Amino acid sequence: MAGYKQPCRYCGKLVHSDSNVCPFCARADPVGPLKCPKCRNTVEPGYKVCGHCGLSLQTTCPKCGKPTYLGSHCDACGDKLTVVCPNPRCKFEQIPTGPNCAKCGKPLK
Ligand SMILES: [Zn+2]
Ligand SMILES: [Zn+2]
Ligand SMILES: [Zn+2]
Ligand SMILES: [Zn+2]
């Protein structure tokens with residue numbers, strides 16, 4: 001239903017139920033089901049891999065070293081898990097779902 005608001009799962013502020021990113025805390029998928037960052041298939045907290053594309057949904061936070069769900073931010077320390085493509089003509093900010101940029105295909109590191 002259009003205009004319906006739900007609390008963000010991360011910060012608790014009310015956001016539109018169709019938001020892909022919380023406007024308050026900038027985290028991906030603030031409401032509704034979690035989605036695979038690669039294929040957007042619905043996944044559940046606790047899934048180790050996406051049932052659709054097989055992407056590993058668990059990663060290690062480069063900042064705190066703790067295991068976390070592969071989302072836009074670390075579950076443990078809240079630091080960003082997204083990386084910016086090093087290609088100067090792309091600079092696409094993304095959740096690292098593979099060794100290459102999801103947009104231009106250049107290696108991320
Ligand atoms: Zn939020
Ligand atoms: Zn997937
Ligand atoms: Zn962390
Ligand atoms: Zn790129």
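Strands, like helices, are runs assigned by DSSP and numbered from the N terminus, and a strand here has at least two residues. With that in hand, welcome to this predicted model.

**The chain as a whole**
- The chain has eight strands and zero helices, so its pattern along the sequence reads β-β-β-β-β-β-β-β.
- The radius of gyration is 14 Å, close to the 13 Å that the globule rule gives for 109 residues, so the chain is as compact as a globular protein of that length.
- If you turn the model along its principal axes, the C-alpha trace spans about 40 × 30 × 30 Å.
- Of the 109 residues, 17% count as buried.
- Now take the contacts in the chain with a separation of 6 or more: residues 24 or more positions apart account for 10% of them.

**The nonpolar core**
- Which residues form the largest nonpolar core? There are five of them: Cys36, Val43, Cys50, Leu57 and Leu70.
- In soluble globular proteins, nonpolar side chains tend to be buried together.
- Leu57 counts as buried because it has 22 C-beta neighbours inside 10 Å, and the cut-off for that label is 20 or more.
- Setting aside residues up to four places away in sequence, Leu57 touches Val43, Tyr47, Lys48, Val49, Cys50, Tyr69 and Leu70.
- Cys36 has its own list of partners: beyond its neighbours within four places in sequence, it is in contact with Asn41, Val43, Cys50, His52, Cys53 and Leu55.

**Two residues with a positive phi**
- Asp29 has a positive phi of about 50° although it is not a glycine.
- You will find Asp29 in the loop between strand 2 (14-16) and strand 3 (34-35).
- Is Asp29 buried or exposed? It counts as buried, because 22 C-beta neighbours lie inside 10 Å.
- Lys91 is not a glycine either, and has a positive phi of about 55°.
- Look for Lys91 in the loop between strand 7 (83-84) and strand 8 (93-94).
- Lys91 is exposed, because it has 12 other C-beta atoms within 10 Å and the label applies at 12 or fewer.

- Gly12 lies in the loop between strand 1 (5-7) and strand 2.
- With 12 C-beta neighbours inside 10 Å, Gly12 counts as exposed.
- Gly12 and Val31 are 19 residues apart along the chain, and 9.9 Å separates their C-alpha atoms.
- Gly78 sits in the loop between strand 6 (67-69) and strand 7.
- Why is Gly78 partly exposed? It has 14 other C-beta atoms within 10 Å, and partly exposed residues fall between the cut-offs of 12 or fewer for exposed and 20 or more for buried.
- How are Gly78 and Tyr10 placed? They are 68 residues apart along the chain, with their C-alpha atoms separated by 9.7 Å.
- Gly98 is found in the segment after strand 8.
- Gly98 counts as exposed, with 12 C-beta neighbours inside 10 Å.
- The C-alpha atoms of Gly98 and Ser56 are separated by 9.8 Å, while the two residues are 42 residues apart along the chain.

Technical notes. Residues are numbered from 1 along each chain as its sequence is written. Chains are lettered from A and ligands numbered from 1 in the order in which they are written. This is a predicted model: local features need pLDDT of at least 70, side-chain atom pairs count only at pLDDT 80 or more; totals for chains, interfaces and linings use all residues. Helices (H or I, at least four residues) and strands (E, at least two) are DSSP runs, numbered from the N terminus. The radius of gyration is taken over C-alpha atoms; the globule rule is 2.2 Å times the number of residues to the power 0.38. Two residues are in contact if their C-beta atoms, placed from the backbone, lie within 7 Å. A nonpolar core is a set of buried Ala, Val, Leu, Ile, Met, Phe, Trp, Tyr and Cys residues joined through C-beta atoms within 7 Å.
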